[in-house]
Amino acid sequence: MRLLVLFCTFCAAAFGGMPPALEAALRDFRADGPPGWSFVQTSTAGTESLAERFDAAKPEFERWTLLAKNGRAPTADEERDYREKQTRRSRGGTAPRITESLDPATVEVVSETEEQLVCRCRLKKGEAGDKTAEFIRVTLSLHKPTQTIETFELGSMAPFSPTLGIKLAEMKTVMSFSRAEAGRPSLLLRVTTRLRGRAFWFKSLDQDLMVVFSDHAKILSKR
């Protein structure tokens, strides 16, 4: 019995009491969506918008195509500038796994039903001198029947200064995903970001950004 108690204590310490359903869903979770899928990405910030096509079947630096800028077809100069920038842009499966930044020992259940599980946790401490993680909380909403992370939210709990001269009153990013179903994995649908703050007391850092992902299509494997 003593060995059993010690074993249970060890497991609780190792996994931080993380619900098994959430642990299973996070195991293969990718914030940027699964590889091998093409899509249209439309970004909107204020009066500016950009529509781009990502083709997963093309070579790495030919995958992005500019479809529209500010609701109109791009000019020849805009297309040329866009193509030049692609040599510094990659989406070849190298995106960091954001789940590795979560602190599993701090996971707490916010609410739970037969279908939905909502949990909150902290981020792991950053490098020396980086205090951002102290002010950020992660909230995850899990659809239990399909083991799908439907929303992944990072939000500040209070105003903070990530570096000298920068004061952030609010910082929030919400990622939304489709539910996994037969023959179709969970796919990234939308990312919204809200930032409120100032740099050196006079420059506004306020920004609202929305990115919508549509027209998902899985590339056909070559035979």
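Residues are called buried under 20% relative accessible area, exposed over 50%, and partly exposed in between (1.4 Å probe, protein chains only). The structure is a predicted model, in which local features need pLDDT of at least 70 and side-chain atom pairs count only at pLDDT 80 or more, while totals for chains, interfaces and linings use all residues. Residues are numbered from 1 along each chain as its sequence is written, and side-chain values use heavy atoms, with hydrogens and water left out.

The chain contains four helices and eleven strands. These are DSSP runs numbered from the N terminus, with helices (H or I) of at least four residues and strands (E) of at least two. Of the 223 residues in the chain, 31% are buried. Contact was defined as heavy atoms within 4.5 Å. Among contacts with a separation of 6 or more, 44% involve residues 24 or more positions apart. The chain exposes about 14200 Å², and carbon and sulfur atoms supply 56% of that area. Accessible areas come from the Shrake-Rupley method with a 1.4 Å probe; for residues, only the protein chains shown count as cover.

Strand 6 was examined next. It spans residues 136-143, and eight of its eight residues are buried. In a regular strand, side chains alternate between the two faces of the sheet. Ile136, Val138, Leu140 and Leu142 point one way from strand 6. Arg137, Thr139, Ser141 and His143 point the other way, and these too are buried. Strand pairing was assigned where DSSP finds at least two bridges between two strands. Strand 5 (residues 116-122) pairs with strand 6 in the antiparallel sense over seven bridges. Here valine 118 stands opposite serine 141 of strand 6. Strands 6 and 7 also run antiparallel, joined by eight bridges. Leucine 140 stands opposite phenylalanine 152 in strand 7. The hairpin of strand 6 and strand 7 has four residues between the strands, and glutamine 147 takes a positive phi near 50° there.

Serine 156 belongs to strand 7 (residues 148-156). Serine 156 counts as buried because its relative accessibility is 19%. With neighbours within four places in sequence left aside, serine 156 is in contact with Phe135, Ile136, Ala169, Glu170 and Met171.

Side chains of opposite charge can pair when their charged atoms come close. A salt bridge was scored for a side-chain nitrogen of Lys or Arg within 4 Å of a carboxyl oxygen of Asp or Glu. The structure holds nine. In one of them, arginine 72 meets glutamate 78, with the closest N and O atoms 2.8 Å apart. Arginine 72 is partly exposed at 36% relative accessibility, whereas glutamate 78 is buried at 17%.

Arginine 179 and glutamate 150 form another salt bridge, at 2.5 Å from N to O. This pair links distant parts of the chain, 29 residues apart: arginine 179 sits in the loop between strand 8 (166-177) and strand 9, and glutamate 150 sits in strand 7. Arginine 179 is partly exposed, with 40% relative accessibility. Glutamate 150 is buried, with a relative accessible area of 15%.

A further salt bridge joins the side chains of arginine 194 and aspartate 208 (3.7 Å, N to O). Again distant parts of the chain are linked: arginine 194 lies in strand 9 and aspartate 208 in strand 11 (residues 207-218), 14 residues apart. Arginine 194 is partly exposed at 34% relative accessibility, and aspartate 208 is partly exposed at 38%. Salt bridges that share partners join Glu170, Arg194, Arg196 and Asp208 into one network.

Cysteine pairing was also checked. A disulfide is a covalent bond between the sulfur atoms of two cysteines. The criterion was a pair of cysteine sulfur atoms within 2.5 Å. A search of the whole structure finds zero disulfides. The cysteine sulfur closest to that of cysteine 119 is in cysteine 121, 8.4 Å away and so too far for a bond. Cysteine 119 is buried, at 1% relative accessible area. Cysteine 121 is buried too, at 4% relative accessibility.

At the surface, Phe200, Trp201 and Phe202 form a nonpolar patch with about 480 Å² of accessible area together. Patches are made of residues with over 30% relative accessible area and no salt bridge; like charges are joined within 9 Å, and nonpolar side chains (Val, Leu, Ile, Met, Phe, Trp, Tyr) within 5 Å. Phenylalanine 200 is placed in the loop between strand 9 (188-199) and strand 10 (203-204). At 46% relative accessibility, phenylalanine 200 is partly exposed.
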